[in-house]
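This report walks through one structure, from single residues to the relation between chains. Please keep the sequence and the 3D view open while reading.

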Number of protein chains: 2
Amino acid sequence: MRDACKEIPDLVQSLAGEMQKLQISQARLEDNVQTLTNRVDNVEIDTRKSIDAYLEVQAQKVEKELNEWLEVKDREISAKIESDVKTVVEQATAAASVARVVESRAADFPVGRHVVGYWGWRDRTVADVGPDAPYFMSPAMLVPDLGELPLSLSLGVLGMPGISAYFGLLEVCKPKEGEVAVVSGAAGAVGSIVGQIARLKWCKVIGFAGSDAKVKWLKEELGFHHAFNYKTNDVTEALKQAAPDGVDVYFDNVGGELSSAVVNSMREWGRISVCGSISGYNESSLPKATIIQPAAIYKQLRMEGFLYSRWHDRWEEGITQLTQWVREGKIKYCETVTEGFQNTPKAFAGMLQGDNLGKAVVKV
Amino acid sequence: MRDACKEIPDLVQSLAGEMQKLQISQARLEDNVQTLTNRVDNVEIDTRKSIDAYLEVQAQKVEKELNEWLEVKDREISAKIESDVKTVVEQATAAASVARVVESRAADFPVGRHVVGYWGWRDRTVADVGPDAPYFMSPAMLVPDLGELPLSLSLGVLGMPGISAYFGLLEVCKPKEGEVAVVSGAAGAVGSIVGQIARLKWCKVIGFAGSDAKVKWLKEELGFHHAFNYKTNDVTEALKQAAPDGVDVYFDNVGGELSSAVVNSMREWGRISVCGSISGYNESSLPKATIIQPAAIYKQLRMEGFLYSRWHDRWEEGITQLTQWVREGKIKYCETVTEGFQNTPKAFAGMLQGDNLGKAVVKV
């Protein structure tokens, strides 16, 4: 159970100022801040449950889940901004952090060890980490000894994004040497790792990202064979050039028309791993996109969506392999680090504006 | 190799009359007839190849692949009718038939045996059936001894539609006892078999079809637990009533918004087998539909398209099981039989108008 921590309302008030710069109407923002404040104030403390561990936040993730975020700064339509504000509220209550255990009644979570969990924007919390404890997104996971590597990687390449990339690519798509692998949202926390793993598996790797700077980074730093700015390139045409025989593997972080174009460019027996989409699961407001079923039939494609929690029981296996690749320099990572817990809203707003490259984190 | 059989142009001229009743412009139809005539006239006879078997057509299939066909009679938009005419031409050259071998140089295809293949609208043909022979859709397949059952079933429940239903459901969806299975195009040649197999596997079976008569047939004759006319029912609402906990298995014969509604009504770990779609594989003209990727992620769904040729090597296994179920009365079939080869165009046009229930075949 969470305690009724008061940091969130304060931070959201500060976030309000940042979000105003993004031209979100004051009334709508205040509504959302009020919603969030109410939510935090109304958290029930279940005093019947034993409290198992105290956690001290060491670094904090500012998650950029959806490529669609980038469109906030374009102020395209008010509906999009509205849904972004809703997501801001979700993020503030649901962000992941890596924390040190300062007091514990749980044998598996001893004092001094580091833990990753979803506790929202707060610098300390009381968490129930027992085997039957309720959790959001993921149960608390122990961080292995990272040696000289920064602890914040537990929120990126050596955390949930790394696990999503590793198993979501290898288990769902099963890429083979010589195949063509396409990644959308390729400069994101998950996509950038997916592309590098596909390259390590001897695939030809093609990435799509939302700016020329990101495209340059993918090609020059991360070793992508091809990368394109989807805002200035026709996806179908780009793939005709870069993969004239078709695409074998597609790791989908974005959905929408970009994904329809990639799927309709696949060749026989292609595999699609769906990790992210432009829309949350909200049936009444799902957008339309070009259908992919005819290609699925004629090319006998397989598409599978996943939540990374599917591989909780293989967490250690994935992190061990990823840690080795990072240590050997085979997988490069990039973080945009903001110093100071009070600057979280600023970091968040900056991410919405596309200021960050790679994982955006806050050093508490 | 096909010979330059002259039946097709004659039949297409006759078809022209039938199609005119469907309000297709004469000019457009004549263009298509000319295209088809040219195509047949220009068939090359490769005299270097040995001729392996003579076939005599016994029954002939008039394929109703796409639910979209039903919309022809509604004369909704000219583009649809245009693509229908194109499909008519394809059908005339590509329809399947079951035929008796009257002369043969192929040891595996002895005189007197029956064979299924895709030889178009013709009452006799010369076909290369050697192991390296080129083929359309499927190589010629020997028909097992059907005993008292009609030979035309080799074009339906004991042929390609049966194999598509059997392996497409069991191998792709792996339905389990107690699960909820939804079938679209449920009264079609494939869909009606899929629903009955799902019922035999102890699933709760829900079908969607395009008329009240078909819905009645599915529920009263074929044992579907629920069936709905998708033209007069909201698919999402119907599923909320019939499957309040969500759908586990979806066999998709139609695509489009109906399929988006079913997929967005699925529960965790659902499996989707994609057999048919509203559109052929023509990238430039694919329609849009509500996206399914968010559901794929949050429910961890798996979707797979297939061509029935994938299971050519298990043809006998499938036909043996289906024949047993038909003999035991566990799977019911329905045919609309038209007598006389010369009535093929009439049968075809009738099918476009929804006159048939179950498989439409022509007795040559």
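## A loop tryptophan and a strand tryptophan

A:Trp202 lies in the loop between H5 and strand E7 (204-209) of chain A. Helices (H or I, at least four residues) and strands (E, at least two) are DSSP runs, numbered from the N terminus. The model is predicted: local features need pLDDT of at least 70, side-chain atom pairs count only at pLDDT 80 or more, and totals for chains, interfaces and linings use all residues. Residues are numbered from 1 along each chain as its sequence is written, chains are lettered from A and ligands numbered from 1 in the order in which they are written, and side-chain values use heavy atoms, with hydrogens and water left out.

A:Trp202 is exposed, at a relative accessible area of 64%. Exposed means over 50% relative accessible area, buried under 20%, and partly exposed in between (1.4 Å probe, protein chains only). Phi of A:Trp202 is near 70°, a positive value in a residue other than glycine. Most residues other than glycine have a negative phi. A:Trp269 also has a positive phi, near 65°. It lies in strand E10 (residues 266-274) of chain A. With 41% relative accessibility, A:Trp269 is partly exposed.

A:Glu179 sits in the loop between H4 and strand E6 (180-184) of chain A. What is its burial state, buried or exposed? A:Glu179 counts as buried, at 10% relative accessibility. Leaving aside neighbours within four places in sequence, A:Glu179 is in contact (heavy atoms within 4.5 Å) with A:Lys174, A:Trp202, A:Cys203, A:Lys204, A:Asp248, A:Val249 and A:Arg271. A:Glu179 and A:Ser164 are 15 residues apart along the chain, and their C-alpha atoms are separated by 21 Å.

A:Ser192 belongs to helix H5 (residues 191-200) of chain A. A:Ser192 is buried, with 7% relative accessible area. Beyond its neighbours within four places in sequence, A:Ser192 is in contact with A:Ala186, A:Ala187, A:Trp217, A:Leu222 and A:Phe224.

## Helix packing in chain A

How do H4(A) and H10(A) pack, and at what angle? Helix H4 (residues 160-170) and helix H10 (residues 315-327) of chain A pack at about 95°, with axes 10 Å apart. Axes are lines fitted to C-alpha atoms, for helices over the stretch in contact, and angles run from 0 to 180 degrees between N-to-C directions. H4(A) and H10(A) are therefore roughly perpendicular. Angles of 65 to 115 degrees count as such; under 35 is roughly parallel, over 145 roughly antiparallel, and the rest oblique.

On the H4(A) side, the contact uses A:Met160, A:Gly162, A:Ile163, A:Tyr166 and A:Phe167. H10(A) brings A:Trp315, A:Glu317, A:Gly318, A:Ile319, A:Gln321, A:Leu322 and A:Trp325. By class, the contact has 8 nonpolar, 3 polar and 1 charged residues. Ala, Val, Leu, Ile, Met, Phe, Trp, Tyr, Cys and Pro count as nonpolar, Asp, Glu, Lys and Arg as charged, and the others, Gly among them, as polar.

A:Gly329 is partly exposed, at 43% relative accessible area.

## Covered helices and the core

In chain B, H4 (residues 160-170) is mostly covered: 11 of its 11 residues are buried. Helix H8 (residues 256-263) of chain B has 7 of its 8 residues buried, so it is largely enclosed by the rest of the structure. The buried residues of H8(B) include B:Leu258, B:Val262 and B:Val263. B:Tyr250 is in contact with those three residues, and with B:Cys173 and B:Met266 among others.

The largest nonpolar core has 53 residues. Such a core is a set of buried Ala, Val, Leu, Ile, Met, Phe, Trp, Tyr and Cys residues joined through side-chain atoms within 4.5 Å. A:Ile206, A:Phe208, A:Tyr250, B:Ile206, B:Phe208 and B:Tyr250 touch the most other members.

## Chain and assembly

Chain A has 11 helices and 14 strands. Of its 364 residues, 58% are buried. Among contacts in chain A with a separation of 6 or more, 73% join residues 24 or more positions apart.

Chain B can be laid on chain A with an RMSD of 0.1 Å, by a turn of 180° and a shift of 0.0 Å along the axis. That is the relation of a two-fold axis. Copies are superposed by least squares on the C-alpha atoms of residues with pLDDT of at least 70 in both. The copies meet through the same surface, because 97% of the interface residues of chain B are also interface residues in chain A.
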